[in-house]
Amino acid sequence: MQPMKLPGPKARALIKRDAAVISPSYPRSYPFVMDHGKGTEVWDVDGNRFLDFMAGIAVVSTGHAHPKVVQAIQEQAEKFLHISSDFYHEKWILLAEKLAEIAPFHDSAVSFMTNSGTEAVETAIKLARYHTGRSNFIGFTGAFHGRTMGAVTFTASKAKYHRGFYPLMNGVVHAPFPNPYRPILERRPGEDYGETVVRYIEEQILGPILPPEEVAGILVETIQGEGGYIVPPPGFFPALRKLCDRYDILLIVDEVQSGMGRTGKWWAIEHFHTEPDVLTIAKGIASGLPLGACIARRHIMDWERGAHGNTFGGNPIACAAALATIELIENQYMHNAAEMGQYLLQALTEMQTRHPSIGDVRGLGLMIGVEFVMDRKTKEPAEKLHERVIELAFERGLLLLGCARNVIRIAPPLSISRSEVNEGLAIFEEAVTLAEKEFGLAAPGASR
Ligand SMILES: Cc1ncc(COP(=O)(O)O)c(C=O)c1O
């Protein structure tokens with residue numbers, strides 16, 4: 001396949017203007033300058049076409065510019081754009097009713113609407129303190145929960161998220177996230193590694209570091225996103241639930257990235273047969289409009305009028321987009337995510353047998369991580385090689401995103417078709433083959 005020369009002239013000119021006026025703190029993976037998109041396809045300002053295997057960081061769940069979502073936005077825009085969260089409107093109520101219907105617990109659910117994932121997490125932190133009257137929390141290494149001061153304290157995937165920002169929020173202790181590919185704790189015979197981590201929390205954190213009666217909540221991603229698309233072992237969440245019940249600690253599950261049907265169920269936590277107390281969501285909820293929510297069991301969201309609020313919460317356009325998105329996911333795309341996810345996982349697992357740099361392939365539904373290593377035995381992270389795979393794929397028309405130091409996340413729109421999956425896989429394998437050659441990793445004879 002002939003690589004494209006990127007960025008093109010129009011993209012280059014825009015990137016130059018951008019650098020003059022936009023904060024240099026944005027991560028910017030590679031020089032893709034969007035012009036328009038349709039479903040899984042996107043075009044840059046120079047007319048180059050790409051397949052989007054990252055959906056704007058797992059956001060455009062129904063694909064780019066789905067006509068039903070666009071129509072819902074247009075219809076709402078003609079009625080009114082905003083009234084503020086001091087008043088009422090029906091789409092906001094309808095959305096909260098729908099979220100209550102699909103929330104992953106049997107109790108009735110109440111939602112607080114936000115403008116982003118990090119604001120949903122801030123809401124959960126404040127709610128946990130308010131409801132329990134306790135001030136401390138447990139988070140996890142490798143976590144990503146956002147960048148506002150409370151959420152970023154829990155974020156622990158890269159040093160740069162904290163560097164220069166101390167002091168952070170008080171009262172957060174991190175436990176190791178159960179990473180089955182890279183376990184760091186010793187497992188007892190017959191113990192699931194997730195149970196090992198929960199035992200560590202009980203024996204090494206609750207008591208020696210934090211008195212349990214002063215712990216408000218445990219905040220955890222169901223599947224770690226930025227940390228490397230890590231799926232915890234099956235015993236983790238049931239054991240964590242029991243631990244929380246033993247000490248009256250709230251189990252706060254962050255599904256900002258893993259939720260909204262991406263794993264083939266509404267919420268990834270459903271795969272683990274565990275009911276959280278509080279759930280934070282955002283990203284895929286409104287196909288790209290800024291919206292998030294903190295959903296809690298009714299008796300937990302017990303704060304008084306005015307204790308927490310925001311100007312834009314429940315924005316009517318975002319709510320209209322979310323209602324259309326939820327209908328599409330429910331009727332078609334959740335099923336498609338499960339089916340295409342299975343297909344992709346199998347294809348990537350087969351690809352692993354042909355490529356020594358692929359150390360691990362894991363995921364649920366359309367949330368799949370491919371971890372690159374220099375050597376399968378030592379598991380030395382192949383940071384530079386994985387960056388090169390992303391670059392080579394971009395030049396060949398495939399948008400990918402990295403996470404952790406050496407993982408590529410596969411998170412396309414939930415509407416992706418089989419032929420698009422195949423097209424993307426072919427580009428992905430070509431990029432891996434070329435990168436392995438450049439880094440001197442011999443492909444023949446590779447085995448798992
Ligand atoms: C699990 C998780 N929580 C929270 C956030 C923060 O969301 P936002 O960037 O909308 O603030 C993210 C963003 O990537 C995330 O993946």
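Two residues count as in contact when their C-beta atoms, placed from the backbone, lie within 7 Å of each other. Keep that cut-off in mind as we walk through this predicted model, in which local features need pLDDT of at least 70, side-chain atom pairs count only at pLDDT 80 or more, and totals for chains, interfaces and linings use all residues. Residues are numbered from 1 along each chain as its sequence is written.

Let's start with the overall layout. Where the two meet, 29 residues of domain 1 are in contact with 27 residues of domain 2. On the domain 1 side, the elements giving two or more residues are helix H2 (55–58), helix H9 (316–354), strand S11 (358–364), strand S12 (367–375) and strand S16 (407–410). Here helices (H or I, at least four residues) and strands (E, at least two) are DSSP runs, numbered from the N terminus. H9 gives the most to this side of domain 1, with five residues. By class, this side of domain 1 divides into 17 nonpolar, seven polar and five charged residues. In this scheme Ala, Val, Leu, Ile, Met, Phe, Trp, Tyr, Cys and Pro count as nonpolar, Asp, Glu, Lys and Arg as charged, and the others, Gly among them, as polar.

Two packed helices are described by the angle between their axes and the distance between the axes. The axes are lines fitted to C-alpha atoms, for helices over the stretch in contact, and angles run from 0 to 180 degrees between N-to-C directions. Helix H3 (residues 67–79) packs on H9 at an angle of about 150°, with the axes 8 Å apart. That makes H3 roughly antiparallel to H9, given that angles under 35 degrees count as roughly parallel, over 145 as roughly antiparallel, 65 to 115 as roughly perpendicular and the rest as oblique. H3 and H9 cross in a right-handed way; a crossing is left-handed if the near helix is turned anticlockwise from the far one by less than a right angle, and right-handed if clockwise. From H3, the contact uses Lys68, Val69, Ala72, Ile73, Gln76 and Ala77, while H9 supplies Pro316, Ile317, Ala320, Ala321, Leu323, Ala324, Thr325 and Leu328. The contact of H3 with H9 has 11 nonpolar, two polar and one charged residues.

Helix H4 (residues 90–102) also meets H9: their axes come within 9 Å and cross at roughly 40°. That makes H4 oblique to H9, and the crossing of H4 and H9 is left-handed. Lys91, Trp92, Leu94, Leu95 and Lys98 of H4 face Pro316, Cys319, Ala320, Ala322, Leu323 and Ile326 of H9. By class, the contact of H4 with H9 has nine nonpolar, no polar and two charged residues.

In H10, Leu385, Arg388, Val389, Leu392 and Ala393 meet Ile427, Phe428, Ala431, Val432, Leu434, Ala435 and Glu438 in H11. Their classes are 10 nonpolar, no polar and two charged.

Now to the ligand. 15 residues surround the ligand, and the closest are Ser116, Gly117, Thr118, Gly146 and Val256; a residue is near a molecule if its C-beta atom, placed from the backbone, lies within 6 Å of it. Helix H5 (residues 117–132) provides the largest share of this shell, three residues. The shell holds five nonpolar, seven polar and three charged residues.

Finally, some backbone details. Most residues other than glycine have a negative phi, and most peptide bonds are trans. The peptide bond from Leu6 to Pro7 is cis, with omega near -5°, and Pro7 sits in the segment before helix H1 (9–21). Another cis peptide bond joins Tyr166 and Pro167, with omega about 0°; Pro167 lies in the loop between helix H6 (149–154) and strand S6 (172–175). Tyr229, although not a glycine, has a positive phi of about 50°, and Tyr229 is placed in the loop between strand S7 (215–221) and helix H8 (236–247).
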